[in-house]
Amino acid sequence: MKTSVIVVGGGIVGVCNALALCQAGHQVTLIDRKQPGRETSYGNAGVLSESSIMVLNNPNMLRSLPKLLLGKSLGLRYSLAFVLKNLGWFLKFLSYCTPSKTRAAAFALRALQLSSLEQHKKWIAEAGAEHLLREAAWVKAFRSEVSFAKYRDEMVLMDDIGVRYTVFDREQIRQIEPGLKPVYCKAVIMNETCGVASPSALTDSYVALFEAAGGTVHRGDVSGLSGVKGGWQVFIGEEVLSSENVVIAAGPWSSEVAAWLGYRIPMAWERGYHLHLQPGDGPQLGRAICDMDGGYAMVPTLHGVRITSGVEITERDAPPNYDQIIRSVANARDAHEMKDVIDEEPWMGRRPTLVDSLPMIDAAPRHEGLWFNFGHQHLGLSMAPGSALSIVAMIEGDEPPFDLYPFRATRFPI
Ligand SMILES: Cc1cc2nc3c(=O)[nH]c(=O)nc-3n(C[C@H](O)[C@H](O)[C@H](O)COP(=O)(O)OP(=O)(O)OC[C@H]3O[C@@H](n4cnc5c(N)ncnc54)[C@H](O)[C@@H]3O)c2cc1C
């Protein structure tokens, strides 16, 4: 049965959800206080992954904990005050660092990512956005044999799950990416992982598809939700919109929105930064390079070479701290020749992270017609389409495209 749906939040997750619902024949309004795709979804590395199956809280994290806590890894910065204030959350997060939980999460993520990549390719073709798409676009590069050896566990898991990758040595790296300086001794290319040259341009093209299919984009700051007979009222200041269903897809703000209805979502924020640099005169990069020792990624985009930082764990709205991205840029210059910084100041986004590093894609347990689609952490661009198709299936009472049990809302006492 066709229904009316309001999607709260127009990041890539909300946009894909609105698009999938609209294409399935539902009457859909997408609400965002900004132009869609201008928060976390704006500045990411553009990787459309089917291979990112190892959650951050895996057994290796426990082994690296002393180094991480001492601030010796550029890939992770944290606010001690935030960690102490949320100690229960962090202990729970670390409790997932077991081989069995990591393996279970890997299978769940793979199913969601495969479904998503397939749908991304369909939508990219429908949107005429093929010029944005790159194949085999994700490389993990290692500066030492020691760090490559530490990556072995992930390769074993990828072998088990059927992720296809190729290992390159120093000379082979030079041949495929001649723009890289010879600082890497090994690189692992994910054979089927794709990427886009501009995540915001991709989102814009999906929004255009959504509007062409009859969907409505409504600019406004949602300030309240209220269940009424037969549906929902959504408050945007003085304005009230009504629908039979509401999807909360507000990314890092989703826990706040769900809290209005009494849900306690175990969410924290892994903030990240980017800066663009003008390409150098030498050979350009062909793919996103994740420097596994340097703690950053380096991506050729429509806007320049985008350097993205690792993780900063702190309050969602704490003032930005640019130290991590500035040091990331210095590290990136060791590996690839680039000219001046383009942006006046770094961009910052907030990865929404649930305590088990998996998103929540489900019906809200205590409210009919309310749906959760958030917590996509490091992989929201990669996992948005599959999440969207899952919500459509649930609303329509159909079989979901893959097992949604790992993503259920009731896995936590919310
Ligand atoms: C540095 C960095 C690199 C990354 N690289 C990758 C990558 O290569 N590949 C990948 O798959 N993922 C990557 N990610 C993760 C990815 O960007 C996120 O998982 C994804 O953007 C989350 O999307 P979202 O739609 O859930 O949230 P958002 O993009 O933050 O969207 C939420 C939207 O909700 C709106 N909103 C919130 N509250 C309200 C309200 N009350 N009323 C109205 N609107 C509201 C906001 O304005 C916002 O537009 C990266 C993240 C970072 C920070």
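**Strand pairing and overall fold of the predicted chain**

Strand S1 and strand S14 (residues 245–248) run parallel and are joined by four bridges. Strands pair if DSSP finds at least two bridges between them. Both strands (E, at least two residues) and helices (H or I, at least four) are DSSP runs, numbered from the N terminus. The model is predicted: local features need pLDDT of at least 70, side-chain atom pairs count only at pLDDT 80 or more, and totals for chains, interfaces and linings use all residues. Residue numbers start from 1 along each chain as its sequence is written.

S1 is mostly covered, with four of its five residues buried. A residue is buried if 20 or more other C-beta atoms lie within 10 Å of its own, exposed if 12 or fewer, and partly exposed in between; C-beta atoms are placed from the backbone.

An open sheet of three strands has the order S3-S9-S5, with antiparallel pairing. Strands S3 (47–48) and S5 (133–134) stand at the edges with a single partner strand each, so one side of each lacks a neighbour in the sheet. Two bridges link S5 to strand S9 (residues 194–196) in the antiparallel sense. Leu133 faces Val196 in S9.

Glu368 lies in the loop between strand S22 (360–363) and strand S23 (370–374). Glu368 counts as exposed because it has 12 C-beta neighbours inside 10 Å. The C-alpha atoms of Glu368 and Glu244 are 9.3 Å apart, although the two residues are 124 apart in sequence.

Overall, the chain has twelve helices and 23 strands. Its radius of gyration is 21 Å, close to the 22 Å that the globule rule gives for 414 residues, so the chain is as compact as a globular protein of that length. The radius is taken over C-alpha atoms, and the rule is 2.2 Å times the number of residues to the power 0.38. The C-alpha trace spans about 65 × 45 × 40 Å along its principal axes. Of the 414 residues, 50% count as buried. Among contacts (C-beta atoms, placed from the backbone, within 7 Å) between residues at least 6 apart in sequence, 78% join residues at least 24 apart.

How values were computed: Two residues are in contact if their C-beta atoms, placed from the backbone, lie within 7 Å.
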